Amino acid sequence: MRAKSMFVMLSCACICAKSQAGTKALLTVESMPDGALVSVFSPDEKAAARMNTVAGMTPLEKKFKFGKSLALTLTLEKRGYAPRTIEITPASGTIQATLDRIEGEGQPAIPDHALPQSGALLLVPPEMQVIKRGFSSEGVDPDVSRVAESALLDALQSLFGKDFHVTPVKVTPENQQPLKSLWRDARTAMQMTDPIRLPYLARPPLLETSSSRKAAAFLGQSGQGEYLLLVAGKQVRDTSGMKLGQLAVLSAGTASSYASGYVRAMENNDSFFIYNIYTPDFASGLILKASLIDAATGEVLWVNRGNWKSIRFDEVGAVNAVLKELFAGLLRSATESGG
């Protein structure tokens, strides 16, 4: 069996080196309806060190690893259905689960999660901080940060322009406050939402406050757009001396995003995807986060984030390469066609 695909957003060398000893069993997981995300939890793992483990979507057949307790907990999730939790053992064989549809009185059924492939897309001006850090000082370089924001905006227009009618949102006195309200909740969504589980959450996630949802609607109406795309990030460039000092305490960046790591893991039928929901804001290199919002409803349609090595924002190829990783799993045709 090939090694498990692993994507860990924090320094986890000790986890990666964990012993592979344990009982393994080939099991089948089915659901009615199918297409449910299967998450795996082990009672043998300490809660503080527990990572998120995803086996894939039903139906699936994989070798599950059991610890000393010879038990695992599976959680099945699908949009519009109540989550289902099942205890399994190595002798479980084929696991079948029926998911219950969520029905509100007088309310239509919640549709499956779907991402838009065309339409009017509003690009909110990116927010980017480029920080120079040394042993005794650390500070934001405002000039380089503005260059980075401009480079991201240009690249996004090129990336999505083939499939969408793309319009940058202008910062005017009228939309300054709505943009502030939108960013407040969007930052929380980009940081706290699990990018892998979002499409399978029972109910569509919304921007947290009514003020931010009203702001999204205002911006959508005034800009004649259906969707709002937001990108924020930070790049920390260390001095040579600082880099030498970090070698003993920090691991290299992941050079990947949640979505691309998940896709790579699922391409191997015997692989699991193991990840931490949080990105390390203290890390060196480049951190980017993005979200796609339905302007009319304030629904968070998509979220992703990741870590890369530092790049030069005046190099178009480097910016495009990072954004293709960031938008893996979103608007596939646009990603594949963006040069």
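1. Which residues does Asp141 touch, not counting residues up to four places away in sequence? They are Val130 and Lys132. The model discussed in this note is a predicted one. Asp141 is found in the loop between strand S10 (138–140) and H2. Its relative accessibility is 16%, and because buried means under 20%, Asp141 counts as buried. The side chain of Asp141 also reaches the backbone nitrogen of Val144, at 3.2 Å.

2. The largest nonpolar core has 32 residues. Those that touch the most other members are Leu121, Phe160, Leu288, Phe313, Leu323 and Phe327. Elements giving two or more residues to this core include strand S8 (119–123), strand S9 (127–133), helix H2 (142–160), strand S15 (285–294) and helix H7 (316–326). H2 supplies the largest share, 8 residues.

3. With neighbours within four places in sequence left aside, Leu121 is in contact with Phe160, Phe164, His165, Val166, Thr167, Tyr227, Leu229 and Leu292. Phe160, one of these contacts, is also among the core residues that touch the most other members.

4. A separate point concerns an open sheet. Five strands form it, in the order S6-S5-S2-S3-S14, and the pairing is antiparallel. S6 and strand S14 (273–275) stand at the edges; each has a single partner strand, so one side of each is left without a neighbour in the sheet. From one strand to the next, the twist averages 30°.

5. Two of the pairings in this sheet can be followed residue by residue. Strand S2 (residues 37–41) and strand S3 (residues 52–57) run antiparallel and are joined by 4 bridges. Val38 stands opposite Gly56 in S3. Strand S5 (residues 72–77) and S6 also run antiparallel, with 5 bridges joining them. Here Leu76 has Arg84 in S6 as its bridge partner. S5 and S6 form a hairpin with 6 residues between them, and Gly80 in the turn has a positive phi of about 90°.

6. Where does Arg84 lie, and what surrounds it? Its place is in strand S6 (residues 84–88). Apart from residues up to four places away in sequence, Arg84 touches Leu74, Thr75, Leu76, Ala97, Thr98 and Leu99. Arg84 is partly exposed, with a relative accessible area of 33%. Thr98 is 14 residues from Arg84 along the chain, and their C-alpha atoms are separated by 8.1 Å. A polar atom of the Arg84 side chain lies 3.1 Å from the backbone oxygen of Thr98.

7. Is Ile196 buried or exposed? At 5% relative accessibility, Ile196 counts as buried. Ile196 lies in the loop between helix H3 (176–192) and helix H4 (210–223). Leaving aside neighbours within four places in sequence, its contacts are Leu37, Val54, Tyr258, Tyr262, Phe273 and Tyr275. Ile277 is 81 residues from Ile196 in sequence, yet the two are 9.1 Å apart in space, C-alpha to C-alpha.

8. H4 has 14 residues and reaches 20 Å from its first C-alpha to its last, close to the 20 Å expected at 1.5 Å a residue. Its buried residues are Ser212, Ala215, Ala216, Ala217, Leu219 and Gly220. An α-helix has 3.6 residues a turn, so residues three or four places apart point the same way. Among the buried residues of H4, Ser212 and Ala216 can be inspected with this in mind.

9. Gln224 comes after H4, in the loop between H4 and S12. Phi of Gln224 is near 55°, a positive value in a residue other than glycine. Gln224 is exposed, with a relative accessible area of 70%. Leu70 also has a positive phi, near 55°. Leu70 is found in the loop between S4 and S5 and, at 40% relative accessibility, counts as partly exposed.

10. Two cis peptide bonds should be noted when reading the backbone. One joins Met32 and Pro33, with omega about 0°; Pro33 lies in the loop between strand S1 (23–32) and S2. The other runs from Thr58 to Pro59, with omega near -5°. Pro59 has its place in the loop between S3 and strand S4 (60–66).

Conventions:
Residues are numbered from 1 along each chain as its sequence is written. This is a predicted model: local features need pLDDT of at least 70, side-chain atom pairs count only at pLDDT 80 or more; totals for chains, interfaces and linings use all residues. Side-chain values use heavy atoms; hydrogens and water are left out. A nonpolar core is a set of buried Ala, Val, Leu, Ile, Met, Phe, Trp, Tyr and Cys residues joined through side-chain atoms within 4.5 Å. Buried means under 20% relative accessible area, exposed over 50%, partly exposed in between (1.4 Å probe, protein chains only). Contact means heavy atoms within 4.5 Å. A polar contact is a pair of N or O atoms within 3.5 Å; within protein, one must be able to donate a hydrogen and the other to accept it, and residues adjacent in sequence count only if both atoms are side-chain atoms. The expected span of a helix is 1.5 Å times one less than its number of residues. Two strands pair if DSSP finds at least two bridges between them. Axes are lines fitted to C-alpha atoms, for helices over the stretch in contact, and angles run from 0 to 180 degrees between N-to-C directions.
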